[in-house]
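Work through the exercises below with the model open in a viewer. Try each task before reading its solution.

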Amino acid sequence: MFLFGIKDLVSGYEGILETIAHISVITLELIGILIIIVGAFKSIVLNASKIFNKHEHNIRIALGQSLALGLEFKMGAEIIKTVLVRELQELIILAFIIALRAGLAVLIHWEIKLEKKETEEHNLKLESKEKEEKKGSIN
């Protein structure tokens, strides 16, 4: 009789854990998708504002950061899904998805870093060119 009570208790906890995991996965996936959508919209707006004012925004960096953050949330959801996996084949597929998303995240971070470096170099060249032009106009 006592063993049946423990089995029911464990089964109840498993049910609660599964429910929490499902809700967490859906929530994290939704947050990741929303971040990517908002980031894409923001990049479109920044690109459109570039036409009307001369202030330059690096759209690739803004979009890349949004994609990276969105992927992080989606990867978190995939990791939580590992709690729900019942078969080895599902686990292998899930591991492949996690590895693919991690690879994408690394590539995006690398691209952002490269783009920031190029932007800094471009800005330094512009600043030195402006200084030279000021010196030339003073003399």
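The exercises below concern a predicted model.

**Exercise 1. Confidence**

Task: State the average pLDDT of the chain, then find which helix scores lowest and which highest.

Solution. 
- Step 1. The chain averages a pLDDT of 85. At least 70 is reached by 92% of the residues.
- Step 2. Confidence is lowest in helix 3, with a mean of 84. Helix 2 is highest, at 90.
- Step 3. Keep one caution: where pLDDT is low, the predicted coordinates should not be read in detail.

**Exercise 2. The largest nonpolar core**

Task: List the residues of the largest nonpolar core and trace them to their elements.

Solution. 
- Step 1. The core has 5 residues: Ile-61, Ala-68, Leu-71, Ile-108 and Ile-112.
- Step 2. Helix 2 (59-81) and helix 3 are the elements giving two or more residues to this core.
- Step 3. Helix 2 supplies the largest share, 3 residues.
- Step 4. Now take Ile-61. Neighbours within four places in sequence aside, Ile-61 contacts Ile-112, Glu-115, Lys-116 and Thr-119.

**Exercise 3. Arg-60 and its partners**

Task: Find the salt bridges of Arg-60 with Glu-111 and Glu-115, and classify each residue as buried, partly exposed or exposed.

Solution. 
- Step 1. Arg-60 pairs with Glu-111; their closest N and O atoms are 2.6 Å apart. This pair links distant parts of the chain, with Arg-60 in helix 2 and Glu-111 in helix 3, 51 residues apart.
- Step 2. Arg-60 also meets Glu-115 in a salt bridge, at 3.1 Å from N to O. Arg-60 lies in helix 2 and Glu-115 in helix 3, so this bridge ties together parts 55 residues apart in sequence.
- Step 3. Arg-60 has a relative accessible area of 52%. The cut-off for exposed is over 50%, so Arg-60 is exposed.
- Step 4. Glu-111, at 31%, counts as partly exposed.
- Step 5. Glu-115 has 12%. Buried means under 20%, so Glu-115 is buried.

**Exercise 4. Glu-29**

Solution. 
- Step 1. Salt bridges with shared partners join Glu-29, Lys-74, Glu-78, Lys-81 and Arg-101 into one network.

**Exercise 5. The nonpolar surface patch**

Task: Which residues make the nonpolar surface patch, and where does Trp-110 lie?

Solution. 
- Step 1. Phe-96, Leu-100, Leu-104, Leu-107, Trp-110 and Leu-114 form a patch of about 640 Å².
- Step 2. Trp-110 lies in helix 3 (residues 88-138).
- Step 3. Trp-110 is exposed, because its relative accessible area is 53%.

Methods. Residues are numbered from 1 along each chain as its sequence is written. This is a predicted model: local features need pLDDT of at least 70, side-chain atom pairs count only at pLDDT 80 or more; totals for chains, interfaces and linings use all residues. Side-chain values use heavy atoms; hydrogens and water are left out. Patches are made of residues with over 30% relative accessible area and no salt bridge: like charges are joined within 9 Å, nonpolar side chains (Val, Leu, Ile, Met, Phe, Trp, Tyr) within 5 Å. Accessible areas come from the Shrake-Rupley method with a 1.4 Å probe; for residues, only the protein chains shown count as cover. A salt bridge is a side-chain nitrogen of Lys or Arg within 4 Å of a carboxyl oxygen of Asp or Glu. Helices (H or I, at least four residues) and strands (E, at least two) are DSSP runs, numbered from the N terminus. Buried means under 20% relative accessible area, exposed over 50%, partly exposed in between (1.4 Å probe, protein chains only). A nonpolar core is a set of buried Ala, Val, Leu, Ile, Met, Phe, Trp, Tyr and Cys residues joined through side-chain atoms within 4.5 Å. Contact means heavy atoms within 4.5 Å. pLDDT is the predictor's confidence in each residue, from 0 to 100.
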